[in-house]
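Work through the exercises below with the sequence and the model side by side, and try each task before reading its solution.

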Amino acid sequence: MAGVDVILPALDEAAALEWVLPRMPTSYRAIVVDNGSTDGTAEVAERLGALVVHESRRGFGAACAAGLAVATADVVAFCDADASLDPQDLPLVCDPVLAGRVDLLLGARQAVGWRSWPPHARLANRYLAHRLGRISGAALTDLGPMRAMRRDALDDLGIVDRRFGWPLEMVVRAAQAGWTIEEVAVPYRPRIGRSKVTGTVRGTLRAVADMRKVLADLT
């Protein structure tokens, strides 16, 4: 059994996966969830040794849930598949969870160059992280997409959102369940290809709307 299962939601990320998957640390198993790609994402992932899951329902949360459904390792991690995050940094967020010191560890993104994080996306993230920090009681600066936690505990949270509110709902429900939540800095680089969310103001606003709805429903 893998030491850590790493779930990578992917929509047209074939080029990025060529860089991402070979950088997966030893004992970390990549689970690539193809969320309706048309660029050969699934074929690239299979060729590079990842376990591939197909999720036809569009939505970040739907892809995350599909990956979680096939994970078997005691600890699971989530990571963007667009090469903005380096899988070599996964032990930074996974080791404290594996050691039992932290229940949920988020990778707080530290931008490498101005191109890695558009101003509109950074501002939206700062607003949501501030609100989430007040709710959770954790000193959060980022809704880090690289994160790790125990699989069984995550299943028990019962996350229902299947869109962009999924990662925020995870943190809110974890805080309500009394989890220990911390963050650690991880480098954040320019992604390969164009973002389907934060690459546009419209996409960012859509994600913020989903997350605000989750906050309204749960608090």
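The exercises that follow go from the whole chain to single residues.

This is a predicted model, in which local features need pLDDT of at least 70 and side-chain atom pairs count only at pLDDT 80 or more, while totals for chains, interfaces and linings use all residues. Residues are numbered from 1 along each chain as its sequence is written, and side-chain values use heavy atoms, with hydrogens and water left out.

**Exercise 1.** Describe the secondary structure of the chain and the share of its residues that is buried.

*Solution.* Begin with the secondary structure, which comes to 8 helices and 7 strands (DSSP runs, numbered from the N terminus: helices are H or I of at least four residues, strands E of at least two). Then turn to burial: of the 219 residues in the chain, 55% are buried (under 20% relative accessible area with a 1.4 Å probe, protein chains only; exposed means over 50%, and partly exposed lies in between).

**Exercise 2.** Decide how far helix α3 is enclosed, and find the elements against which its buried residues pack.

*Solution.* First consider residues 60-70, which form α3: 8 of these 11 residues are buried, so the helix is largely enclosed by the rest of the structure. Next, name the buried residues, which are G61, A62, A63, C64, A65, A66, G67 and L68. Finally, look at their surroundings, where they pack against the strands β1 (4-10), β2 (28-34), β3 (51-54) and β4 (75-78), and also against the helices α6 (151-157) and α7 (166-176) (contact means heavy atoms within 4.5 Å).

**Exercise 3.** Which residues touch the most other members of the largest nonpolar core?

*Solution.* A nonpolar core is a set of buried Ala, Val, Leu, Ile, Met, Phe, Trp, Tyr and Cys residues joined through side-chain atoms within 4.5 Å. In the largest one, which has 34 residues, V6 and L8 touch the most other members. Elements that give two or more residues to this core include β1, β2, β4 and β7. Apart from it lies another core, of 33 residues, among them I159, L168, V172 and A174.

**Exercise 4.** Locate R191 and identify the partners of its side chain.

*Solution.* Start with its place, which is the loop between β7 (181-188) and α8 (201-218). The R191 side chain makes a polar contact with the side chain of E13 at 2.9 Å, and another with that of D82 at 3.2 Å. Such a contact is a pair of N or O atoms within 3.5 Å; within protein, one must be able to donate a hydrogen and the other to accept it, and residues adjacent in sequence count only if both atoms are side-chain atoms.
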